[in-house]
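Reader: I would like to go through this structure with you. Could we take it topic by topic?
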Amino acid sequence: MVEKGQAIIVEGLHYSYSKVKALDGISLSVPYGTVFALIGPNGAGKTTLVKILLGALKPKSGRVTVLGRDPRDIEAKAKIGFLPERVNLPGDWSALKFMSYIGYLCRLSRREARERSLDLLRWMGLEENAEDLIKSFSAGMKQRLLIAQSLINDPELLIYDEPTSNLDALGRHEVLEKIRELKEEGKTVFLSGHVLSEVEKVSDYVVIMSHGRVILEGELEKLKTRGLTNTFELKTNDLQRTEELLSGLNSVINIMRVRDHLEVEVKDSSQASKEIPRVLVEAGLELLRFNRVKRSLEEIFLKLLEEEEKR
């Protein structure tokens, strides 16, 4: 595994709680300047890995580097911003007081902490709420505040554990938009979650975990090609005639009418992609739609988990 250009490197990592294996020899790498999503069901080992990356747990075996250093190294910790899944915020503090306190913990001067806090609250759309008590905040506002605090030390790496949990649709959209903006600014973002349809919107790389093992990994765009099926979605100006013609082709396995189109399952998608349009056009039919059906990443994810459970 090449270290150059990698913000996080994990090699052969093992960790157990008593006799329960939380991590079973996983390996992954996170390139600088990317959004990297770690996906898996509860109990997959995601939280254990996050704790190791933060230096809160020491692996039983394997190798980990974060920003080129041991994750327990104070210099590595100083360059990380963290958003925990659950945190008890001080409800009787104002947003500005909380942010300034985090700045103080990061060794900013009082003036620097206040200025940085106001800048970040402004960026998160909380400027008008800076003096409001946190207990008056909605769930979405609290999550935006937590994102703001994760940036107080201008970190190189952001580790976000379930950043959209307990948020409504608008809140999830706002958080994902901010993550997209952080990527555009050159930050490296490591996301841990279980909702693929959300992280799919912002991620460059995806790793899917189950029972402490990596079961799928790669660039998001390349993984999407795994969702290609041998089924085509097809629409013409005469579906009845189309169905009759395609039923006579040896390459066609099954035809199903779905509302205003047909779904045609074939033996060989490469051959069918040329044969079907040719047959229909020669018959004088107008081909209005002809697309290869894709499964979503979430469907691939669920299928992989189903296969894992059968092992």
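Author: We may begin with a definition: domain bounds come from an automatic or database domain assignment. For this chain, the assignment gives domain 1 (6-89 + 137-211) and domain 2 (229-310). The model is a predicted one, in which local features need pLDDT of at least 70 and side-chain atom pairs count only at pLDDT 80 or more, while totals for chains, interfaces and linings use all residues. Residues are numbered from 1 along each chain as its sequence is written, and side-chain values use heavy atoms, with hydrogens and water left out.

Reader: How many Å apart are the C-alpha centres of domain 1 and domain 2?
Author: Those centres lie 39 Å apart. Contact here means heavy atoms within 4.5 Å. By that criterion, 11 residues of domain 1 are in contact with 6 residues of domain 2.

Reader: Which residues touch the most other members of the largest nonpolar core?
Author: They are Leu 145 and Tyr 160, in a core of 47 residues. At least three residues of this core come from domain 1 (6-89 + 137-211), and at least three from domain 2 (229-310). A second, separate core has 27 residues, including Ala 7, Tyr 15, Phe 36 and Val 64.

Reader: What counts as a nonpolar core?
Author: A nonpolar core is a set of buried Ala, Val, Leu, Ile, Met, Phe, Trp, Tyr and Cys residues joined through side-chain atoms within 4.5 Å. Buried means under 20% relative accessible area, exposed means over 50%, and partly exposed lies in between, with a 1.4 Å probe and protein chains only. In soluble globular proteins, nonpolar side chains tend to be buried together.

Reader: And what does Tyr 160 touch?
Author: Not counting residues up to four places away in sequence, Tyr 160 touches Leu 83, Ile 147, Ser 150, Leu 151, Ile 179, Leu 182, Val 189, Phe 190, Leu 191 and Ser 192.

Reader: Let us turn to Phe 82. Where does it lie?
Author: Phe 82 lies in strand β5. Helices (H or I, at least four residues) and strands (E, at least two) are DSSP runs, numbered from the N terminus. Phe 82 counts as partly exposed, because its relative accessibility is 28%. With residues up to four places away in sequence left out, Phe 82 touches Val 50, Leu 54, Gln 149, Ser 150, Ile 159 and Asp 161. Phe 82 and Phe 190 are 108 residues apart in sequence, and their C-alpha atoms are 9.7 Å apart in space.

Reader: Is Ser 117 buried or exposed?
Author: Ser 117 is buried, because its relative accessible area is 0%. This residue, Ser 117, lies in helix α4 (residues 110-123). Apart from residues up to four places away in sequence, Ser 117 touches Leu 96, Met 99, Ser 100 and Ile 152.

Reader: New topic: what is the volume of the largest pocket?
Author: The largest pocket has a volume of about 630 Å³. On a 1 Å grid over the protein atoms alone, a pocket is an open set of points where a 1.4 Å probe fits, with protein on both sides within 12 Å along at least five of seven lines, whereas a cavity is a set from which the probe cannot get out; lining residues have an atom within 4 Å of a point. Grid points are joined across faces, edges and corners, and a volume is the space filled by probe spheres set on the points.

Reader: Which residues lie nearest its centre?
Author: Of the 21 residues lining the largest pocket, Lys 77, Ala 78, Ile 80, Cys 106 and Asn 153 lie nearest its centre. At least two lining residues are supplied by each of α2 (74-77), β5 (80-83), α3 (95-105) and α5 (139-150). By class, the lining has 15 nonpolar, 4 polar and 2 charged residues. Ala, Val, Leu, Ile, Met, Phe, Trp, Tyr, Cys and Pro count as nonpolar, Asp, Glu, Lys and Arg as charged, and the others, Gly among them, as polar.

Reader: What about the second largest pocket?
Author: The second largest pocket has a volume of about 240 Å³. It is lined by 14 residues, with Glu 85, Val 87, Lys 142, Gln 143 and Leu 146 nearest its centre.

Reader: Finally, what is the phi of Arg 107?
Author: Arg 107 is not a glycine, yet it has a positive phi of about 70 degrees. Most residues other than glycine have a negative phi. Arg 107 lies in the loop between α3 and α4 and is exposed, with a relative accessible area of 79%.
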